[in-house]
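Hi everyone, thanks for making time for this one. I'd like to walk you through a model, going from a few side-chain pairs to the sheet. Here it is on the screen.

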Amino acid sequence: MVRVVNRVLLGIVGLLLVAIGGSVLAVGLGAPAPSWWLHDGRHDVLLDEAERTRWRDEGWWWPVVIATLAVLVLLLLWWLIAVLRRRRLAEVFVDTGDGDDAVLRGRALETALAQEAGRPAGVEQAHVRLTGRRGVPRTRVHLLLEPHADPGTALDTLTTGALAHARESAGLTTLPSEVRLRAVKHHAERVS
């Protein structure tokens, strides 16, 4: 949900900036300015001389404005990169033992891990996501447990089973994992 809201807000901000920039460009190229426009025409400046010299005696004003805008631009660029960065690992390097490296698709490893993690008794569903770098992958595992399943047993089965098999088959020395366990909601049972 947060990702959807984030992308919708980014889209709205982007459309607003494109519309404003396009309007400025159109007026600058000679299109008639609308009545609500800030400036009168193509030869009007953004800041006239009175606005530019208003704070002339204050030596701190323009450096603060420029520094604030620079920090704002850097923060917005960081945010854009964080939103556009791929969170899911696309491929994992596998050491074949003969000096060459093979590449394993991240989705294939996720699917295999999820299927094996979802097999044991007490586990209703398993979702796996690979993160990290291609040479050092990490996993995020979400297990949906049945109402009477033992979380300790489910976690032990996952670590000694699916995660160990994935680590061995990919030739990894370690496979750091974050595991989240959640129980299926169920109705209260009647005791007689």
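Let's begin with glutamate 91, which is partly exposed, at a relative accessible area of 26%. For the record, buried means under 20% relative accessible area, exposed means over 50%, and partly exposed is in between, with a 1.4 Å probe and protein chains only. Before I go on, this is a predicted model, where local features need pLDDT of at least 70 and side-chain atom pairs count only at pLDDT 80 or more, while totals for chains, interfaces and linings use all residues. Residues are numbered from 1 along each chain as its sequence is written, and side-chain values use heavy atoms, with hydrogens and water left out.

So what does the side chain of glutamate 91 meet in a salt bridge? The partner is arginine 134, at 2.7 Å from N to O. A salt bridge here is a side-chain nitrogen of Lys or Arg within 4 Å of a carboxyl oxygen of Asp or Glu. Glutamate 91 sits in strand S1 (residues 91–95), and arginine 134 sits in the loop between strand S3 (123–132) and strand S4 (137–145), so this pair ties together parts that are 43 residues apart in sequence. Helices (H or I, at least four residues) and strands (E, at least two) are DSSP runs, numbered from the N terminus. Arginine 134 is also partly exposed, with a relative accessible area of 39%.

By that rule the count comes to 2 salt bridges. The other pair I'd point to is arginine 180 with glutamate 178, whose side chains meet at 2.9 Å, N to O. Arginine 180 counts as partly exposed at 48% relative accessibility, and glutamate 178 does too, at 34%.

Now the sheet. It is an open sheet of 3 strands in the order S3-S4-S5, with mixed pairing. Which strands are at the edges? They are S3 and strand S5 (177–183), each of which pairs on one side only. From one strand to the next, the twist averages 15 degrees. In general, strands of a sheet pair through backbone hydrogen bonds, either parallel or antiparallel.

We have both kinds of pairing. S3 and S4 run antiparallel and are joined by 9 bridges; they form a hairpin with 4 residues between them. Across that pairing, alanine 126 stands opposite leucine 143 in S4. S4 and S5 run parallel, with 7 bridges joining them. There, arginine 140 stands opposite glutamate 178 in S5, and valine 141 stands opposite valine 179 in S5.

Helix H5 (residues 151–169) lies across S3, S4 and S5, running at about 140 degrees to S4.

Is threonine 139 buried or exposed? Threonine 139 is buried, with a relative accessible area of 2%. Its place is in strand S4, and a polar contact of 2.5 Å joins its side chain to that of serine 177. A polar contact is a pair of N or O atoms within 3.5 Å; within protein, one must be able to donate a hydrogen and the other to accept it, and residues adjacent in sequence count only if both atoms are side-chain atoms. Leaving out residues up to four places away in sequence, threonine 139 touches, among them, Leu113, Leu163 and Glu178. Contact means heavy atoms within 4.5 Å.

Arginine 138 lies in strand S4 as well, but it is partly exposed, with a relative accessible area of 44%. Not counting residues up to four places away in sequence, arginine 138 touches Arg129, Leu130, Thr131 and Pro176. Arginine 138 and glutamate 178 are 40 residues apart in sequence and 8.1 Å apart in space, C-alpha to C-alpha.

Last stop, the aromatics. How many aromatic pairs does a search of the whole structure find? It finds 1. The ring centres of tryptophan 60 and tryptophan 61 are 5.5 Å apart and their planes are at 80 degrees, so the pair is edge-to-face. Rings of Phe, Tyr and Trp (its six-membered ring) pair if their centres lie within 6.5 Å, with planes under 30 degrees apart counted as stacked, over 60 as edge-to-face and the rest as tilted. Tryptophan 60 is partly exposed at 44% relative accessibility, and tryptophan 61 is partly exposed at 25%. Thanks, everyone!

How values were computed
Two strands pair if DSSP finds at least two bridges between them. Axes are lines fitted to C-alpha atoms, for helices over the stretch in contact, and angles run from 0 to 180 degrees between N-to-C directions.
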